[in-house]
Amino acid sequence: MLLIKAYFNLSPSSLRPVLKEAHNHTIRLILQYYASVKDTLQLPNEYLSTMVSEILQTHLVKDVTLFPELAPMLTKASPADIQALPPWQNNINVRDKINEILKSMTPDQQQAFGLWYSKALSPSSITRGQQSLIKDTGNLIAYLPFQNFQHLSAAQLLDGLDVLQRNTLTPLKQEFVARNLISTYRNLTAQDFSRLGSIACLADPDDLYVYKGTEAFSVIRESIMSCTRKGLRLPSDLVFNILLNTTELQVPSAVPAERLAEIALLLPSLGVTFLQGLSTSQLLSVLPTLNSIPFSPAQAAVIVDKLSSVNGFIPDRLGELGSLIVGVKTETLLMLTSDKLLSTLVAISQHTQGLCLLDRKGLLLPPQANAIATKLWGFPEVVTWLNDVAPLLGCTPLISVLPRKRLLVNSLSNTSTKPWNTQQARGIFREVLDTNPNLIKQHFLSLGTLGQGVSCAVLRDRFQANRSPSSARSILALLRQQPGLLHTSLKNCIIEVLYQFEFFFELLEDLGVEIALSMPVSAIKRFSTDMMNSLRRMIIAGPHHFLLLSRTKQLLLVDKMAQRLGMYTGVFTEEEFRLLDIMAPFVVDEVFIQVDRRFFIQNLDFLHGLCYSSTKMEIVARILQEPAAFGPVENWDQTTLSQVDRFLFFLPQDKLQQISLALMTVERIEKLFMSHHQWERGDIGMLCSDETERKTIFERQQFVLQFFLGFLKLNSQSLTPVVPTCEILHTTAPSVWLSSSLTSMPSSAFSNCLELMGHDPFLASYQRTEVLRKVKQIYGPVSSFSQAVISQLGVIATQLSLDELNAIRLTERRSIAALGTVSDWNSRQLATLFSTVLNSTKQNPSQLDSSTLVAMGYIVCGAKATELRSFNPIELSKAVLRLGRLRLSCSEEQLQALVELLTHSLVFGLMSSWGTDVFIEIGVLAVGIPDMAMSALVKEQIEGIAPLAISMMAPKKFAVVFSQEKIAMFSYEQAVAVTDNQRSVLSDLQKTALAMVLTPWDDKLVDFRGRSLGLALSHSPLCLLLGLLMLLTVLLCPDT
């Protein structure tokens, strides 16, 4: 036994050769010993996976009797090893053992077993198989590749339904089961539908409607309702006909409270007109259910306005609103006392995540978040409320925090646990440094969430104070645990300092993926294969930071990784593709086009979730049409469309037209849209596409809907327009429909979808014009529009004439914000809107508070420079966190007027005293810094300038204020933001400085700004070398 124990003391690298030479009897003893002590023996996954792999490859092929003892360890087997199992598919004992352990396997492992089993279960074998084939085979059959699975007959599916239900079927297989069974058997019982469960939701709706009036229909209805509760998006017609097309919902005020609670998830689909028909007592009775439903702001406002009529509801019961808080007027929030506001915030935070998200849509609207945060931070006691105000720190202005920094430092143990943003953390850290520098030296690791605010000088000192790997790892552990993204300057500082240490490359995993990805390509090129594999695993485990990189950085990184891992020869195999995972579509086109076709077709579910550039979309489209895939599109059937799914939008228009018209039903089109929307809203989709790629997909989607619904026929003008329901506009998008279809909607349906239309960024100007005409028909002249109607207009309002913009009443922040979030106003419209806000609110510019300025957004640029200079500096400073993140169309003079206000002694003071924190806070307003002041900025200040602000500077200003020395201080992100127009007016020295920032130090000079990989800068190498020498002379010998 001592000998057997010795095997478990071997390192993973030594284990494989030792096991290879071991006798099968020894292997059996090893497996038996492990089974007896596995609960107490702590072995790394790498050790176990190596052991399993070697036993599978060397010993199992010789002795099948080892399999029962090895089976429990197969959870550590790689998919490749599983697929390479010996051909024992017909060995009942082996099959039964696999069926037992499948539940504990990962999806990749389950799929691998399915692929292995499919080698002995061909499509013809399935077709000839007995009705009991699924039961006889067991769990394994659920994981067959779809190309095999689709040959199961309806009789086999019905007989083996219980086996399929206890396994995890892919959505594609679930849809196949539902459509095959329910279309084949027209007399299924209630019990049959109970067995089907949520799979029934994926059936052809027409096959379900035939059961209306039967006992089975109530089971179908419950299944559809259950799917809705689980968040499954279903075709609008199915939901309407089965759940909503009932007489009891025709009169909202008569619907019993129990029924309202039952259909609560569907209330957003019923829209504002239905909600307006509900009584206050009905809403009160179901409030505990409604407060977690994702209503739109306009819908939530209807509910809140009704509840507000209840005596004492405001302010005493606001905390019960949950997600409905989005419907509360900002004016109401500003009237609350601090204790009521705080208790409301606490109550809502307990039920809702993401109150304030600057980078994407949070629960609270920007004016609401600003109003709550600025009011609560106006009280000195706020430092004792940190636990309660923490959810809003991301939306809390820097100017609100800075006056409290001394008190915050006094309670540092609590302060250092809160989710501050970078600029807040920098401000508080600076106070710690000024008041207690010894604390930084002695207790640096106790800074907690303030670590993101440390200056580069201090961080360098901390690393240099103890140059041991353990000390560096401790500091990096602190920096990896910050609540948000680290600022670029801090990441660059970390790499710059640590790169000087001889053990730098040993720290890769300690850096974490965010910091590691800020390394220059020249450093990554030096990685060994093991290090490159470590970086690969880090990215796969946390792909968010990889997806945040610029497209060219992504391509360059993956190119170096693929080269190091030897992926540039022959077929792009399944193993290589899975090794890269999220990064696989970023290999060069010449590699991607060589992807293994069998892997591609068998793993479309996995591939659908990845991110593709325009060129990769074209390659995917070509592969789909190859004979080895699905062949010419004119031969595709419903099953093909289900497999292709959202990739259909990758096809060019001439190929889309060749799909059979009979296949592209409204339901099919909806499903395609819903699939793509689901991907777009996911973690990968939100960060994947650039504006051009989103526009391309939109154009394909618009073509698909309009072509297959007959809008593009030559005589389409004479046809009666297809009238969409509001529900189908939600599953598709208003902008993909003809304007005549939108304006032909019944008034109630149109009103229900007005907010959706107003928020559609692709709604064209001609569509907006027609929609606005319909709005006027329903609600009368613009001067009579209610605040509720205005708050839904969004981009539609851009078609209002100047006279109408003068006449519109913008008395509430929600209506102001609805127009203030629209970016494509012209200068005359902006000027008119600014005057309208002042006239409607009966205020002059100096009286505008921060929440109003936040609501105004882009409208701020409608003020004259003289009006801007009369803004209250403190109120403006509380609004710049929001305004600074918009691509404002203000002139340089207007932005300069705003910047001058920020230099007020009660705000940020003299510009020369501004730190990185202030520059981060003000964002694009930095464009308004006068030329002389901009020229005098130091490195710490330049580091805080937002890349967006860099891109917005006038070319001549940019060339004047940023000398080659200043440009050399840019980060990559800042340098890549420099526009072609800006670059065109730079001197050779400035261009060379820019090239130095953009170029990996020991790579050839490459323009990283989204152009073709490897495109050299326009200057010759000799010119660049001379320019570089001149620049170094200027930088190193300024007095020569």
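**View A. An aromatic cluster in a predicted model.** Phe572, Phe577, Phe592, Phe599, Phe606, Tyr612, Phe647 and Phe650 form one aromatic cluster. Rings of Phe, Tyr and Trp (its six-membered ring) pair if their centres lie within 6.5 Å; planes under 30 degrees apart are stacked, over 60 edge-to-face, the rest tilted. This is a predicted model: local features need pLDDT of at least 70, side-chain atom pairs count only at pLDDT 80 or more, and totals for chains, interfaces and linings use all residues. Residues are numbered from 1 along each chain as its sequence is written, and side-chain values use heavy atoms, with hydrogens and water left out.

**View B. The Phe630–Trp636 pair.** The whole structure has 34 aromatic pairs. In this one, Phe630 and Trp636 sit edge-to-face, 6.3 Å centre to centre, with 75 degrees between the planes. Both Phe630 and Trp636 are buried (under 20% relative accessible area; exposed is over 50%, partly exposed in between; 1.4 Å probe, protein chains only).

**View C. The Asp63–Arg28 salt bridge.** The side chains meet at 3.1 Å, N to O (cut-off: a side-chain nitrogen of Lys or Arg within 4 Å of a carboxyl oxygen of Asp or Glu). Asp63 lies in the loop between α4 (45–59) and α5 (67–70), and Arg28 in helix α3 (residues 24–37), 35 residues apart. Helices are DSSP runs (H or I, at least four residues), numbered from the N terminus. Asp63 is buried at 17% relative accessibility; Arg28 is partly exposed at 21%.

**View D. A salt-bridge network.** Shared partners join Glu175, Arg179, Asp204, Glu667, Arg668 and Lys671. The structure holds 44 salt bridges.

Definitions and conventions
Helix = DSSP H or I, 4+ residues; strand = E, 2+ residues; numbered from the N terminus.
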